[in-house]
Amino acid sequence: MLKTLIDAFALISTWEVIIAMFAASVYGLVIGSLPGLSATMATALLVPVTFYLSPIAAIATIVAASSMAIFSGDIPGALLRIPGTPASAAYADEAYAMTRKGQAELALGAGVWFSAVGGIAGVLSLMILAPPLAEIALSFSTFEYFWLALLGLMCATLVARSSPVKAIAGMFIGLLVSCVGIENPGGIPRFTFGITDLFGGIEPIPALVGVFAVAQVMRAMLTPEPPPLPRRKFGSIMAGQWKLTKLYHWQMTRGNIVGIIIGVLPGAGADMAAWVSYAMSKRFSKEPEKFGTGHVEGLVEAGASNNASIASGWVPSLLFGIPGDTIAAIAIGVLYMKGLNPGPTLFTEKASSMYAIYLMFIIANILMIPLGIAMIRVAAYILLAPRSTVMPIIMLCCAVGSFAIGNNMFGVVTVAAFGVIGYVMEANGYPVAAMVLGIVMGTMVEQAFVTSLIKSDGSVLPFFERPVAAILAAMAIGALLWPVMVWIWRKVKPVQTAAATSR
Amino acid sequence: MRLPDSVTGSFLVALGAAAAYGGWILPPVPGQPVGPNVFPLVIGCGLALCGLAIVFGIGHSFEEEEELIPFEDGQAASPPPQSKLYGLRALLPPALLLFYVLAADRLGFIITAAIMVYVTSTALGAKWKLALPLAALSPFAIHLIFGKLLRVPLPVGLLPTPW
């Protein structure tokens, strides 16, 4: 244990890792603070760079950039009422109301402080949850993996703030995309239409870059530019945060726990955590009437929650290769590339690398406090950059980055195609996150499904015979039927209330 | 690009049916009941069912209409001009990426990238005073990071870089 810890320290205390982490932090802060450029997009654009780094440095960049970007989305949310990342959307109104009351320092300070605390709580959950779960996961067979993957996909459709039918359709589209190529049980070209470039399948990373980055540039073409930020002088940012921590320690803990749970659920990420925590904070608050008028309580809880979900989202990713959210989906791609294939054995064979990941998360969250304060102070200048200078550079990065992944031009075509697909899906209410998870998990789902079918000789019964498989199956089927139950309940309820009033 | 649900739903039905059929005609693995055909078949059927449900408006009540945040202080954002061609602007980024694919090998990275930056920047409302220097400088910066530091073999084309 101690030796692994020392090994882990040795792994991360190289110049490469330190520089990579610092640079990625600054990058994450800047991208996250620009409205319309989300944390997922920041991470996706970073992937081509990670190709050329050592495994630990590569993961360091992902960890640092994603944590920083989630916090820094709060900055334009508080100052402009435009959330920088979707994860800040839940409380952007509240933070902006505080700014109008002249409490911008308190709002942003709460963002930094409780994000850092939430992030560290998330890491602790990762450290505590992952090893015992790995023990259990060692006895999993393909049946369990199949149900687990299905459960992950169903969760992704449940939490989408859209029609569940459309979310499931999005998931199927993603799975269909993963069918392309010769990497299937028969080893024959499937859906390749004779195009050689499709034989290797569609790479998840260019697809992700297309869906999150190119689609965003496309949307920018049609939406008006956000208003410039009025310049202001900030007072002390961290003043009063300790008082808030003592006053709202229960809200903070609850936010952390909710964030951790939502992060662990496959498919549900930081934005969902923030929405749920903000709603919970309002529901259980002693003074709910203050919400919406610039009250810091909801900010504390939601800020603590969305950063906690970032770290705990790595739990299912590291254990099963099932991403906790879209950022973790990208991280899984990087892990595979770097020879750290997700799975329970990772915790025994590459224990020092695991500890290095924990340590990097902790360092990133501590680093967030000074860098975050600096970022708040210079945000006014960064937000001056007009969209017409940022978006062209994003476009270049999309082109070069997707080319760099396989050093072939087909990656660029993939990015362009998925930009269009992502744009059209988003515009019509189909959640793209569900499709992304489908693409990332498709091969794994198919493998588990087909292997299980071969083992069971075509019978369905063995899918439910093992106890863990049966529990997971019940959960997955429950998740599938949940929207139906909500729908029935909604149909029945008005009838009941109508009957009650007519009496 | 907001299409009626009946259109997107019907498209999904067609896509699902095509996928299921495409899976169906795949050759099986000899001596094995399940092969590469099962998964596309299942997905195709699922997709077609979802498409049907969407056509009939099932699940529509779960959708939340997008809330537009109104600007305060009365400074309402000017509504974008509503001509048919305006919507096509959204297709500019993917078109430019395809242009990159076709032209980069011949023109080289620097020139192609400069054209991309200039067009995107102008389309987003930049004046030439901003767009021109940006187009002249940013390709070199990107080339320095990706081409020089990360050693991505970017096409040289007509204009070689000084390094």
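## Helix H9 and A:Ser178

A helix here is a DSSP run of at least four residues, numbered from the N terminus. Helix H9 of chain A covers residues 164-179, and A:Ser178 has its place in it. The model described in this report is predicted.

A:Ser178 has a relative accessible area of 13%, so it counts as buried. Apart from neighbours within four places in sequence, A:Ser178 is in contact with A:Gly438, A:Ile439, A:Gly442 and A:Thr443.

With a relative accessible area of 40%, A:Pro185 is partly exposed. Leaving out residues up to four places away in sequence, A:Pro185 touches residues of both chains: A:Glu446 and A:Val450 on one side, and B:Val29, B:Gly35 and B:Pro36 on the other. From A:Pro185 to A:Asn408 the separation is 223 residues in sequence and 26 Å in space, taken from C-alpha to C-alpha.

The loop between H9 and H10 also holds A:Phe191 and A:Phe193. A:Phe191 is not a glycine, yet has a positive phi of about 50°. A positive phi of about 50° is likewise found at A:Phe193, again not a glycine. As for accessibility, A:Phe191 is buried, at 17% relative accessible area, whereas A:Phe193 is exposed, at 70%.

## Helix H8 and its aromatic pairs

Over all chains, the structure holds 15 aromatic pairs. One of them joins A:Tyr145 and A:Phe320 in an edge-to-face arrangement, with 6.1 Å from centre to centre and 75° between the planes. Because A:Tyr145 lies in helix H8 (residues 142-159) and A:Phe320 in helix H15 (residues 314-320), both of chain A, this pair ties together parts that are 175 residues apart in sequence. A:Tyr145 is buried, with a relative accessible area of 19%, and A:Phe320 also counts as buried, at 13% relative accessibility.

Another pair is formed by A:Trp147 and A:Phe463, whose ring centres are 6.4 Å apart; their planes stand at 90°, so this pair is edge-to-face. A:Trp147 belongs to helix H8 of chain A and A:Phe463 to helix H22 (residues 462-465) of chain A, which places the two partners 316 residues apart and links distant parts of the chain. A:Trp147 and A:Phe463 are both buried. The two residues also belong to one aromatic cluster, together with A:Phe143, A:Phe146, A:Phe449, A:Phe464 and B:Phe39. This cluster has members from chain A and from chain B.

## A:Leu148 in helix H8

A:Leu148 is found in helix H8 of chain A. At 12% relative accessibility, A:Leu148 counts as buried. Which residues does A:Leu148 contact, leaving aside its neighbours within four places in sequence? They are A:Phe140, A:Phe320, A:Ile322 and A:Leu472. A:Phe320 is also the partner of A:Tyr145 in the edge-to-face pair.

A:Leu148 and A:Ile19 are 129 residues apart in sequence, and their C-alpha atoms are 37 Å apart in space.

## Contact between the two chains

The contact between the chains takes 74 residues from chain A and 76 residues from chain B. The size of an interface is often given as the accessible area lost when the parts come together. Between chain B and chain A, the buried area is about 6,400 Å², and carbon and sulfur atoms give 79% of this area.

How many salt bridges does the rule find across the interface of chain B and chain A? It finds 1 salt bridge. A:Lys166 forms a salt bridge with B:Asp5, and the closest N and O atoms are 2.8 Å apart.

## Charges over rings

## Domains of chain B

Two domains are given by the domain assignment of chain B: domain 1 spans 5-62 and domain 2 spans 84-149. The C-alpha centres of domain 1 and domain 2 of chain B lie 38 Å apart.

Terms used
Residues numbered from 1 in each chain as written. Chains lettered and ligands numbered in written order. Predicted model: local features only at pLDDT ≥ 70, side-chain atom pairs only at ≥ 80, totals over all residues. Heavy atoms only, no water. Phe/Tyr/Trp six-rings, centres within 6.5 Å; stacked < 30°, edge-to-face > 60°. Helix = DSSP H or I, 4+ residues; strand = E, 2+ residues; numbered from the N terminus. Buried < 20%, exposed > 50% of the residue type's maximum accessible area, 1.4 Å probe, protein only. Domains from an automatic or database assignment. Contact = heavy atoms within 4.5 Å. Buried area = accessible area lost by both parts, 1.4 Å probe. Salt bridge = Lys/Arg side-chain N within 4 Å of Asp/Glu carboxyl O.
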